[in-house]
Amino acid sequence: MQSPSPETTAAGHTAPGPKESLPAFVSFFQGALGSVRFWWAIGLGCAGILSLSERHYINPDGLSYLDLASEALHSGPSGLLNGLWSPGYPALLSLALALFHPAPRQEFPLVQFVNFFIFVLNLWAFHFFLRHWLSYADTFRPTNDQGNRDIVPFAFCTFLLFTLQDGGLRAVNPDLCMAAVVFLVAGITCRLSLPGSGRKHYAAFGFVLGLGYYVKAPMFPLGLILLGGLLLYPPSHRVSRQRLLLSLSVFLLTAAPLVTLLSVRAGHLSLGEAGKLNYAWHVNGLQLYAGWTGSDRAQTLPLSPYGLVPYAASKSGSPHLYGSPEHPPRRLMETPLILEFSSPINGTFPLWYDPSYWYAGAKARFNLRQQIAALKVTLLVYKENLFNSSKTGFLVGAIILCILAPRKAGFSNVLRASWLVTWPLTALLMYAFVHVERRYTAVFFVILWLAIYGALMARMNRQAAVAVCATVAGTMMIPFMVGMADLSVHTVKDLVRSTPPDYEIAALGLRSLGVQSGDRLAVVGFPFDPFYARYGGQRVVATIAATDEFWTLSAPELKSVAERLTQIGIKAVVAQDRPSKSSLANWRDVKISESRRFSVLMLSEPLTKDPPK
């Protein structure tokens, strides 16, 4: 009797050999790449790693949002009302604070957890958009299930690259929230073009647009632009202009309460002060962060570390060309210049808690020279994004598809779907005239690239289109995933070491010197990042703006400064990386790292020490 072959199983079936198992593995891999669940797992895993690695990260805007959330816990929803910061994101933070009651060391990690939760909403919103976009595309051309699956890997790669690298997952700001709203809006717009759309879909469309305005002010003009474009040229013959008017009505009704509250607060019709202030800062050249005293003396800030480039304000014309400050920070002293801003605005750093108060009276003025200068800077950001970044592959792939794609008829279909290109381009153009950061534009680039690739792939041979998309996605995703693997290793090591964050070291150092919760602090320079004060429960209420003058003060002059600061209740002066020439003052150093230190001058102690003999 012949013995069974080793390749024969107990059930009598033949086990696959090496040549057969390889195609099976390839088939499994292709199926995984086309699986939405696979990409959900990749997205959640990468976002989790990033959130853990940046669990102690906070930024100046985020400090204001966190202060707004705390204020809302004490004073109710009215505490969320602010001329610059929209209420949607701090409302989520306030809910998290109310649910978890974090200790000071847990606050910033909790904020990162909220950002992770928002990313999950973002991923769901993108999946919603992707499903309805593919169905919408099918109305123009029949596409089988395999064709839909072909674009799933490319679409999720595009989403992950822009959202995780540019979209601001770690940054404490509402850009991820706005991205989720944009994806939902785009998905509902596609849904309106499909069979079975009813009044509830049009009402939901207007409601989500209105909700976006609560998340971030630019969604109001962008919502009107989208609705106007759809009314002029509907995306499908199934889309009713009359029902779009219903969407417009719901949008305006949803936004009306916030518009009313902001207008009453400002004393005039207002959608918020974000547009005016950003134009005044980034185009007209009013000093950012530092408050506005009507003079730029000693207020030059090193903005480059924060990715900001100041544009020189015009020196010609009337000195009041850009208005006169109604609520300037109070000038305690002129030599050195000391600004005080303890009231009436709350917050860890009142100047940035509500800039619309401190910049009241500012006028945004169109100046052609300044506008051209601003456009040069913002267009350079777009140029870097297209030609000199890790995402240049999208442009290269689109050019290759354009070359390979045959010219076909169907111009009317192109016009029907043109909103997928024109709306993102309008958003990019709107930002270009004022200020551009990648976190602002990431969601619009996702929709734009998917619309371009989808239109070009529909005109091409399937194998060629898949090959181009796979190459584009692979060349960008492989380095990205390698970087994520490296980051995960460092994150695990950091979790094991459990090194305290810089702001905690600084806060505990201040506490050991006698600074208590509720105390007032003054800062040498401008406090972009007084995160230690949030941890310790202090407030930064004054800034010594003229730093060069301060560091060269004599002992009597330093005593005069200390007396003036003490009169307004300031407990200590905090400086970062003070120069050695200030060694005669009685500074107490708090070492943060080998290259960074905080220096504290306690005003209740002797201000100077005897020089070394």
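1. Phe-156 sits in helix 6 (residues 145-165); helices here are DSSP runs of H or I with at least four residues, strands are E runs of at least two, and both are numbered from the N terminus. This is a predicted model, in which local features need pLDDT of at least 70 and side-chain atom pairs count only at pLDDT 80 or more, while totals for chains, interfaces and linings use all residues. Residues are numbered from 1 along each chain as its sequence is written, and side-chain values use heavy atoms, with hydrogens and water left out.

2. Phe-156 is buried, at a relative accessible area of 0% (buried is under 20%, exposed over 50%, partly exposed in between, with a 1.4 Å probe and protein chains only). Leaving aside residues up to four places away in sequence, Phe-156 touches Val-36, Trp-39, Leu-123, Phe-126 and Leu-130; contact means heavy atoms within 4.5 Å. Trp-39 lies 117 residues from Phe-156 in sequence, with a C-alpha to C-alpha separation of 6.6 Å.

3. Strand 1 (residues 330-334) pairs with strand 2 in the antiparallel sense over four bridges; pairing requires at least two DSSP bridges between the strands. Opposite Arg-331 stands Leu-339 of strand 2.

4. Strand 2 is also joined to strand 4 (residues 539-544), by three bridges and in antiparallel fashion. Here Leu-339 has Thr-543 as its bridge partner in strand 4.

5. Within strand 2 (residues 337-340), Leu-337 and Leu-339 point one way, Ile-338 and Glu-340 the other, and all are buried. In a regular strand, side chains alternate between the two faces of the sheet.
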